[in-house]
Amino acid sequence: MNPATGGATVVLGSQGGEEETGEEMYEKFKAEGAFYDDPELAAYVERVGQRLVAKSDMPERDFTFSVIDAPDINAFATPGGYIYVNRGLLAYLDREAELAAVLAHEIAHVTARHHARRKAAGVTSQVLATTAYVLTGSGALYEASSMYGAELISGYGREMELEADGLGAEYMYKAGYDPESLFEVIGVLKNQEQFQRLKAKASGKPLATYHGLYASHPRNDKRLQTVIRAANELDTGTYIEDPSRPGEFRELTDGLVWGQSIQGQRADNRYYHNKLGFTFAHPEGWRVNAGASAVVARAGDGSAAVTITLRRRNPDTNPETVLTDLARGDLSGGEALEQAGLTGYSAVATAGGKSKRLAAIDFGGLTYLFEGEAADFAASDTALKEIITTFRPILPQERQSGQPRYVRYIQVPRGATMETLAAGSPIPDAEAQLRLINGFYPRGEPRTGDWVKVIR
């Protein structure tokens, strides 16, 4: 559950409209490499999710479950049956039933059609704004949207949250999971909230808004206890076996990336401008040279080239106006560009019997101007457009450097404590972090032989 504020009032009143909005967001995530690259883990999350859907109020509806490659502790649902869980949250869970608790709650937001029923401002723009961090890597915008957080939660309201709790608990029970695992997940997240509060107080910095999952739940919520425990009193007339396979959750999360993403190795056919923070794809065999005044991408045989220059962005204009004012000759084939959260405009300018592919794209405080030309324009225009339409900000994982870190499971040696296990750990606040991911925060110690998570 979580977005950026602002925008006109939008009420998603039809299932078709919901699906279109959710699909658009999913495709943006997919196109920009937002999903965590672990097919076995992805299949596992999908399997658990579909098991719950089969016991939901919409067993015939299509649901899609995905793991987002983000370190933040969160999960969320978007219109149309798209359920996302962040990689960062999985590190704090201990077993399949807790994963089921997270997914069941989000499924319930969809089956109860909470996206359509709520009337918060700018629903559609907020849903799409949640891709901002993945698409632009903008820290400020990411904080504002908080991966689909506080604003949407306040939009759901406490009654809808309780309804999602009750329905989710029911789906869990019918699928064979213990609904009380919901309490365990809430405890994990409340511990994280407490840790962040103490850390903010010690540093003198303001506490960042808690980004979401179960953020509105008090730790000892009597109404919550009532709706969850009611699920355990359902009488289906048959014994429901726990579907979890012992150790499977541990096996599939051993080696989970900790912290920032490491999976975004730079593609061979893309050019990356580190200082300005942009990248674009180019055809095989092309070369790119960056000078003081322009970036030029040129075909290996010199038959075609795209020159990129930039100018300070004028907030009172737009890419189409900029291109029209600067172009020489007759314009044709004009089209608006919407890519990776950026807006632009492209057209073909023809003068003196010669055509050029032009484009203007706004990015940050600048407008990027593209001029593509070729000896045989008709044959080369597809290649020229490829550079323009694949222009986007560098993703956070593409900036990533340094030593990767992973979640690993070990059995506790005799005499070991959380303090000794944290000794020499490469992460800040190592003991507190290990306590949080193992359920021992703020105090408590594991027993000899217990499986615990460490960061290596």
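**Packing in a predicted model**

Me: Which residues of helix H13 (residues 319-326) are buried, and over what arc around the axis do they lie?
Reply: In this predicted model, the buried residues of H13 are Pro319, Val322 and Leu323. They sit on the same side of the helix, because the arc they cover around the axis is only 95°.

Me: Against which strands do the buried residues of H13 pack?
Reply: The buried residues in question are Pro319, Val322 and Leu323. Their packing partners are strand S8 (304-312), strand S9 (330-339), strand S10 (342-351), strand S11 (354-363) and S12.

Me: Which residue caps the N-terminal end of H13?
Reply: The backbone nitrogen of glutamate 320 has a side-chain oxygen 3.1 Å away. That oxygen belongs to the capping residue, asparagine 318.

Me: How many aromatic pairs does the structure hold, and what is the angle between the planes of tyrosine 26 and phenylalanine 35?
Reply: The structure holds 19 aromatic pairs. One of them joins tyrosine 26 and phenylalanine 35, with 5.3 Å from centre to centre. Both tyrosine 26 and phenylalanine 35 are buried. Their pair is classed as tilted, with an angle between the planes of 35°.

Me: Why is the pair of phenylalanine 370 and phenylalanine 391 edge-to-face?
Reply: The ring centres of phenylalanine 370 and phenylalanine 391 are 5.3 Å apart. Planes over 60 degrees apart count as edge-to-face. The pair is therefore edge-to-face, its planes being at 85°.

Me: How many residues apart in sequence are the parts that phenylalanine 370 and phenylalanine 391 tie together?
Reply: Phenylalanine 370 and phenylalanine 391 are both buried. Phenylalanine 370 belongs to strand S12 (residues 366-374), while phenylalanine 391 is in the loop between helix H14 (377-389) and strand S13 (392-393). The pair therefore ties together parts whose separation in sequence is 21 residues.

Me: Which residues form one aromatic cluster with Phe370 and Phe391?
Reply: Phe370 and Phe391 pair with each other edge-to-face. The cluster that holds them also includes Tyr271, Phe278, Phe280, Phe363 and Tyr368.

Me: Over which ring does the charged end of arginine 250 sit, and over which that of arginine 408?
Reply: For arginine 250, the charged end is 4.3 Å from the centre of the ring of tryptophan 451. For arginine 408, the distance is 5.7 Å, and the ring is that of tyrosine 406.

Me: Which residues have the most contacts inside the largest nonpolar core?
Reply: This core has 74 residues, and its largest share, 10 residues, comes from helix H4 (residues 96-111). Another core, of 26 residues, lies apart from it, with Ala299, Val306, Ile361 and Phe363 among its members. In the largest core, the residues with the most contacts are Leu52 and Leu99.

Me: Which side chain does aspartate 57 meet in a polar contact?
Reply: Aspartate 57 is placed in the loop between helix H2 (39-53) and strand S1 (64-68). Not counting residues up to four places away in sequence, aspartate 57 touches Leu167 and Tyr171. A polar contact of 2.6 Å links the aspartate 57 side chain to that of tyrosine 171.

Me: Is glutamine 192 buried or exposed?
Reply: Glutamine 192 is part of helix H10 (residues 181-203). Leaving aside neighbours within four places in sequence, glutamine 192 is in contact with Ile73, Tyr92 and Leu436. Its relative accessibility is 6%, and the cut-off is under 20%, so glutamine 192 counts as buried.

Terms used: Residues are numbered from 1 along each chain as its sequence is written. This is a predicted model: local features need pLDDT of at least 70, side-chain atom pairs count only at pLDDT 80 or more; totals for chains, interfaces and linings use all residues. Side-chain values use heavy atoms; hydrogens and water are left out. Rings of Phe, Tyr and Trp (its six-membered ring) pair if their centres lie within 6.5 Å; planes under 30 degrees apart count as stacked, over 60 as edge-to-face and the rest as tilted. Buried means under 20% relative accessible area, exposed over 50%, partly exposed in between (1.4 Å probe, protein chains only). Helices (H or I, at least four residues) and strands (E, at least two) are DSSP runs, numbered from the N terminus. A charge sits over a ring if NZ of Lys or CZ of Arg is within 6 Å of the ring centre and within 35 degrees of the ring normal. A nonpolar core is a set of buried Ala, Val, Leu, Ile, Met, Phe, Trp, Tyr and Cys residues joined through side-chain atoms within 4.5 Å. The arc is that of the directions from the helix axis to the C-beta atoms. Contact means heavy atoms within 4.5 Å. A polar contact is a pair of N or O atoms within 3.5 Å; within protein, one must be able to donate a hydrogen and the other to accept it, and residues adjacent in sequence count only if both atoms are side-chain atoms.
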